[in-house]
Amino acid sequence: MKPSEAEQQRPCLYLELSSRNGEPRLPLHSSIVLFLLSYCESSSFKVFLVRSDGAGNESCSESPRRLLPESLGACALLTPEALPRLVRSCRLPAAVDESGRLCRAGLAVVLRHVIARTTEADPSRKDVRALLGFKETCLKACAEVSKWTRLCELGIPSAVEDHLRHPTDPARQLPPAVLALERRLAEPVKVHNDDKIRRQKLQEQRRMEKSGPAQGEGSPGVTEGLELRAALAKLALVSVPAGATRENSEIRKVKTTELPELEHVFAEGLYFTLTDVVLLPCIHHYLCSIQAHAPSALHHLPRLLRWYGRVREVPGVLRGAKDCGLTLSEVQVSPASLPGLSQQEDPADLPPPERGQEVTPGLHFVGGPRPTMTKLKENGIEAAFSPHPCPAWTLPWESFPAAINPTEGKMSNIRAIRKMQQLNNLAAMVSELARPGDTVVDFCSGTGHVGIVLAHTLPDCQIILIENKGESLSRAQRRSAELGLTNIGFLQANLDYFIGPFQIGVALHACGIATDMVLEHCIQAGAAFVVSPCCYGFIQNAVKFTFPKSKRFQEALTTKEHMILCRFADQTAVQLPPERRLIGKHCMGLVDLDRAWAAETHGYSVQVTTMEPESCSPKNNMLVGRPPQRTAEPAGRGDA
């Protein structure tokens, strides 16, 4: 049957299909996306399963379809080679819009997009919109910078997948990520405008003290009765009469700091959110495995079990889970049989939280950068800037269509002129490096100022814009469509989800360690880079790398001393005294020299230069790196 026009216009959703013991199976990331689709009752997407590891071969071609919810309707099986180019460049899951030019990749990004499409199709689904939480920020921060997003999007699914592939004795070795979640559920809840709920809790506690304990200490009705009622009221399961919740005048006089803390009902606090949707399939499979092999280990996870029970009570969860083949009633553990859940206590035999995975803790700085700069000079290290190879080169702005010019954006004329000067510098360097057929990636692209200029001036190259903020990328896509550009693609994703080949990476004012993530991505791909760093004060040790980065700087400076350089490298604003700006520029040069030397250990030739004119930005450094196999053989500068 030929698909209808509406069917053809639906966006496409690509999910991984793997295999275990020769049988096709859905990895957790795929199961989570399907569970959300079922919970939302969404039919907005055409779903494709992408075979890997021989999954879905000819001998079992019908079997994978049985893994999918019936509500999804038709679904196709694809090999990785049959995927659209943008999707092949990403880790799955991925969603592609109707134009085929905008791809969203990564679990959190795709899930948020599913919610957006569901509520667009049916604005009455306020329960689905509520999954995004307060100010719709649930899992919005990328995993590279958010400990919580990293735990939910990567840590928990990976830990459970590893456990299911290589099960160990859970009574002796619980995954650190699962333990981190158990501890998170023990922390006090911070809810916007929670003062009223906390006063009601205090009033109930005092009333109970006067009447005497009617229930056993530590029972659910005492420890989280009010929190649970607030959560259920939000879900429209029960109504709380206004008169019954009115606190008396004595309670209203109690200081906020003296009010009792709220306890968790769901993963992010009182209310059911997207985080709970992500965690449910993971924790379900993990608890089922423990129950089958070592049920006594469940007593190490009392809060997680209580959370699991609460999620099962949410309207639509059992229906959505059943549609996905999850039988949530399978784990039969009564919360009343678990140990008491005091906020202050943790099971004694739980190991401490993982170390070495978080960013550098706050360092206290005393004094200025001069002692550090002097120490480097004594070790023969001084900032050095290469001369700009083409300081007078400029793009033909007068002949460009209006949609290319930054003056068309929401910025002042003075700022637009400076932006044009910055683009002159980056476009000049990329044009010197580019060859026909190259793929150029504009990392942290924002609304596409750099990428759109490159797509117009390098028509023989393919340009990909990568940005985590969907609003910015949608605006860039609209500008591209107005220009009729056909050599450009858009990817909303964290940097780690882009895995495609490319020859040149570019980034204008990537903040803090985002610059280092771009450099790392380029080096791993063997690609040239043109990068202008920004926000040096935000540089800190991260999961993948520490500072200083190069051997010579490591031998000369401690991490704290390097952070002093980073802090003062931000002192370049035009409002500051000239001498102070000069010191800031020198610190910028030293931080970027460390980056350049680290890249050179991989065979790169790196130049640290200054944009022309220097006044185009207080952050006017540029790092231009050429891999060993790359020679300057320009593709031409288009209309320039």
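The model is predicted, so local features need pLDDT of at least 70, side-chain atom pairs count only at pLDDT 80 or more, and totals for chains, interfaces and linings use all residues. Residues are numbered from 1 along each chain as its sequence is written, and side-chain values use heavy atoms, with hydrogens and water left out.

**Exercise 1.** Find out how the rings of Phe 545 and Phe 547 are arranged, and whether each residue is buried or exposed.

*Solution.* 
Step 1: Start with the rule. Rings of Phe, Tyr and Trp (its six-membered ring) pair if their centres lie within 6.5 Å; planes under 30 degrees apart are stacked, over 60 edge-to-face, and the rest tilted. This rule gives ten aromatic pairs.
Step 2: Apply it. The ring centres of Phe 545 and Phe 547 are 5.9 Å apart and their planes stand at 80 degrees, so this pair is edge-to-face.
Step 3: Check burial. Buried means under 20% relative accessible area, exposed over 50%, and partly exposed in between (1.4 Å probe, protein chains only). Phe 545 has 12% relative accessibility, so Phe 545 is buried; Phe 547, at 3%, also counts as buried.

**Exercise 2.** Work out which classes of residue line the second largest cavity.

*Solution.* 
Step 1: List the lining, meaning residues with an atom within 4 Å of a cavity point. Among them are Arg 10, Leu 37, Ser 42 and Phe 45.
Step 2: Sort by class. Ala, Val, Leu, Ile, Met, Phe, Trp, Tyr, Cys and Pro are nonpolar, Asp, Glu, Lys and Arg charged, and the others, Gly among them, polar.
Step 3: Count. The lining has four nonpolar, three polar and one charged residues.

Notes: On a 1 Å grid over the protein atoms alone, a cavity is a set of points where a 1.4 Å probe fits but cannot get out, and a pocket is an open set with protein on both sides within 12 Å along at least five of seven lines; lining residues have an atom within 4 Å of a point.
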